[in-house]
Amino acid sequence: MQNNRLMKEYREISRGKRDPEISLRLENENSLLRWHAVLQGPPGTPYEGGRFELKIACTSTYPLTPPQVRFVTNVFHPNVLFKTGEICLDILKEDAWTPAWTLQSVCRAVTALLSSPEADSPLNCDAGNLIRSGDVRGFASMAQMYTQLHAMASSEPGCVPSCERT
Amino acid sequence: MADDESEMLFDNSCDDASDAEEDDDDYSEFEQPSLAQAPRPFRCLRPDDLREMQAAAVKRVAETLCCEPSDATVLLRSFKWDAERVISSYFENPEGVLEKAGVCGSSNRAVIDAAAAQPYQCPICLEMVTAFSALGCGHRACTPCYSAYVGHKIDDEGTAAVRARCPLVKCRVQLTDALVNALATDAQRARYAVYLERAFVDDHPRLAWCPAPSCTHAILMVQPADGAPLTGAARVACACGEVFCFACLRDDHSPATCEQLRLWLIKCKDDSETYNWLQANTRACPACKTSVEKSGGCNHMTCRHASCGHEWCWVCAGPWKEHSGNFYTCNRFKETDDEEVKRKDLSKAALERYLHYYSRYINHHSSLMLEEKTRQAMEDKIAEMQALGSNWLDGQYLKEATESLIACRHALQYTYVYAFYLPADNHKELFQMAQRDLEMTTEDLSAEIEKPVEQIVRLTVLHHQQMSERRLANLFNAVEAHRVAEAQAALEAAHVPGALSRPQSQA
Ligand SMILES: [Zn+2]
Ligand SMILES: [Zn+2]
Ligand SMILES: [Zn+2]
Ligand SMILES: [Zn+2]
């Protein structure tokens, strides 16, 4: 059933039934378990205009168990660990996950997380503290700076020492 | 019929007539609280009893609310198995209760493996199908997918399977045991039944599993007559012999409170490196420096070195002769009044103070570690007595004395935890006197039964044993009296603010 399910998702995605702001593809044609996604930064957020890459790894028990999802692009966001791209999102955890989620809807949930950060369970404490202290503008300008630095096609991912915060 | 049926089955001796509600602000009356020293009533339940108790609660709710037993189970789970609260809350706000618990109303039944009129897309395998199963919420999935979902919850998520929900995204309806049992394999069904039972005990505030590794019993605390919630430590004994604290599931730690023990254990863990030496089982004789090994639990050490024979106390290394009668002061930490010394090094004083209590705590504790050895030694002694011509029954008093000794040591170790957290006041003075008395007779008893067989005098053993038991009871009475007095004072302060403000308004 698992592989059938991934095959089904693969077919639906290649048939073009997709969101314009999400592009999902197999990492390579040999495995249905590894995926690569690109999300468009949601408009009206500090991530607008950015291209955010995700790596998705399913296990053979997918969709009974959630896939592992992490950002490849560096993101300044309270629920994303800056260094590793690890994401804190309830639906990706065993107890809130249900097999009715698909890779597409997971990507949509991650996009939604970009729009509405959860400052109370921060993986990135700097980002979380900015929001919690009410400095939304400070947070937005930091997030925007990192978006320009890492998620905009025009800029080369250069190494800025101060970005190595976690 | 307002009584909890599940309770009625098991409790027939629950008539606690303590009238704590007397509003008498006449404080000239000196009524000593009765110190029955009765432990809070509890029952040991076998797996069958637990099933029966659970079934009774489900039946009560299902019959009163006219709902499916499996829905009643979900409702009860979300109300911590308080059937009466389920019922009264339901009649107040049926929709709210159902929604909160994740139950569908009785008009929406679960469907198991039916055929849909029109093909639909199964949200799990994404195929177009007609066969489906659904909970009362009507969210369909094809039966093989639903079974795989249910099976995965049971096989891979342990007890959490009990709280699994409808597989549809964001639907909060709980899986019912009826649906699970219809879709799971035999092995999964069996495991699910175990999880249900575990969750029942875990969720029920007055139930706790016996912590003994292979024991399957649970302890049920009887509901107090006034419905007051359970608070604080409670010593309970399982039918398997395990004695533990109901509130924290740790070793019975009376007279210390759960919180005191928790803080104490953290403190000990933090400081353990520093005080490891205290646990070492050999020490040098203070007189001749020959190392002496502590073999039994007794603190009265006698140097075996030829010509020395010095007698000393294992704990404080002082001469043993200062440890009899009123000279026995080993249990007290002398808080110094010298202001200069106090100012000089407060942290050192704190450390010394802790060390004082800790060394005495750990000493009784490690004596207890030798418990099994002590029991075995006693068996050997009884056998030896038989060989010397007395019959087996004659030796049994030694066994009883050993059990008394163990009980006293057990309590003594925690008296140091209790005393450590006591403020220096009258009660502490009294408590430490009772503690000292108990410690003295306990050591006497220990010394007597550790003698070679031919030197043991039965009457002496019995005397020390009786003294120990009496002093143990005295100590607990003192603690209980203090607790009751403090609780009453707190109650008066809270309920009669007038009594407190009266003198002020006169001034
Ligand atoms: Zn299906
Ligand atoms: Zn549902
Ligand atoms: Zn037991
Ligand atoms: Zn406790």
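Is A:Glu9 buried or exposed, and what is its relative accessibility? At 4% relative accessibility, A:Glu9 counts as buried, where buried means under 20% relative accessible area, exposed means over 50%, and partly exposed is in between (1.4 Å probe, protein chains only). Keep in mind that this is a predicted model, in which local features need pLDDT of at least 70, side-chain atom pairs count only at pLDDT 80 or more, and totals for chains, interfaces and linings use all residues. Residues are numbered from 1 along each chain as its sequence is written, chains are lettered from A and ligands numbered from 1 in the order in which they are written, and side-chain values use heavy atoms, with hydrogens and water left out.

**Chain B overall**

- Chain B has 16 helices and 11 strands; these are DSSP runs numbered from the N terminus, with helices (H or I) of at least four residues and strands (E) of at least two.
- Of the 507 residues in chain B, 42% are buried.
- Take the contacts in chain B with a separation of 6 or more: 59% of them come from residues 24 or more positions apart, and contact means heavy atoms within 4.5 Å.

**Salt bridges**

- Over all chains, the structure holds 23 salt bridges, each being a side-chain nitrogen of Lys or Arg within 4 Å of a carboxyl oxygen of Asp or Glu.
- As background, side chains of opposite charge can pair when their charged atoms come close.
- Back to A:Glu9: its side chain meets that of A:Arg5 in a salt bridge (2.8 Å, N to O).
- Both A:Glu9 and A:Arg5 sit in helix 1 (residues 2-14) of chain A, four residues apart, or about one turn of the helix.
- A:Arg5 counts as buried too, at 0% relative accessibility.
- Over in chain B, B:Glu68 and B:Arg109 form a salt bridge, with the closest N and O atoms 3.3 Å apart.
- That pair links distant parts of the chain, 41 residues apart: B:Glu68 is in the loop between helix 2 and helix 3 (69-78) of chain B, and B:Arg109 is in the loop between helix 5 (94-101) and strand 2 (111-121) of chain B.
- B:Glu68 is partly exposed at 30% relative accessibility, while B:Arg109 is exposed with a relative accessible area of 52%.
- Another salt bridge joins B:Arg235 to B:Asp252, where the closest N and O atoms are 3.5 Å apart.
- This pair also links distant parts of the chain, 17 residues apart, with B:Arg235 in strand 6 (residues 235-237) of chain B and B:Asp252 in the loop between strand 7 (243-245) and helix 9 (258-279) of chain B.
- B:Arg235 counts as partly exposed at 45% relative accessibility, and B:Asp252 counts as buried at 9%.
- There's a network as well: salt bridges that share partners join B:Asp48, B:Arg51 and B:Glu197.

**Helix packing in chain B**

- The axes of helix 2 (residues 47-65) and helix 4 (residues 83-92) of chain B come within 9 Å and cross at roughly 20 degrees; axes are lines fitted to C-alpha atoms, for helices over the stretch in contact, and angles run from 0 to 180 degrees between N-to-C directions.
- Helix 2 and helix 4 of chain B are therefore roughly parallel to each other (under 35 degrees counts as roughly parallel, over 145 as roughly antiparallel, 65 to 115 as roughly perpendicular and the rest as oblique).
- On the helix 2 side of chain B, the contact is made by B:Ala57, B:Arg60, B:Val61, B:Thr64 and B:Leu65, and helix 4 of chain B brings B:Ala83, B:Glu84, B:Val86, B:Ile87, B:Tyr90 and B:Phe91.
- The residues in this contact of helix 2 with helix 4 of chain B divide into eight nonpolar, one polar and two charged; Ala, Val, Leu, Ile, Met, Phe, Trp, Tyr, Cys and Pro count as nonpolar, Asp, Glu, Lys and Arg as charged, and the others, Gly among them, as polar.
- Helix 4 and helix 5 of chain B have axes that come within 5 Å and cross at roughly 125 degrees.
- That makes helix 4 of chain B oblique to helix 5 of chain B.

**Two buried residues**

- B:Tyr192, in helix 8 (residues 186-203) of chain B, is buried with a relative accessible area of 1%.
- Leaving aside neighbours within four places in sequence, B:Tyr192 has contacts including B:Ile154, B:Ala161 and B:Asp177.
- B:His152, found in helix 6 (residues 143-156) of chain B, is buried with a relative accessible area of 5%.
- Not counting residues up to four places away in sequence, B:His152 touches A:Leu64, A:Thr65, A:Glu94 and B:Glu157.
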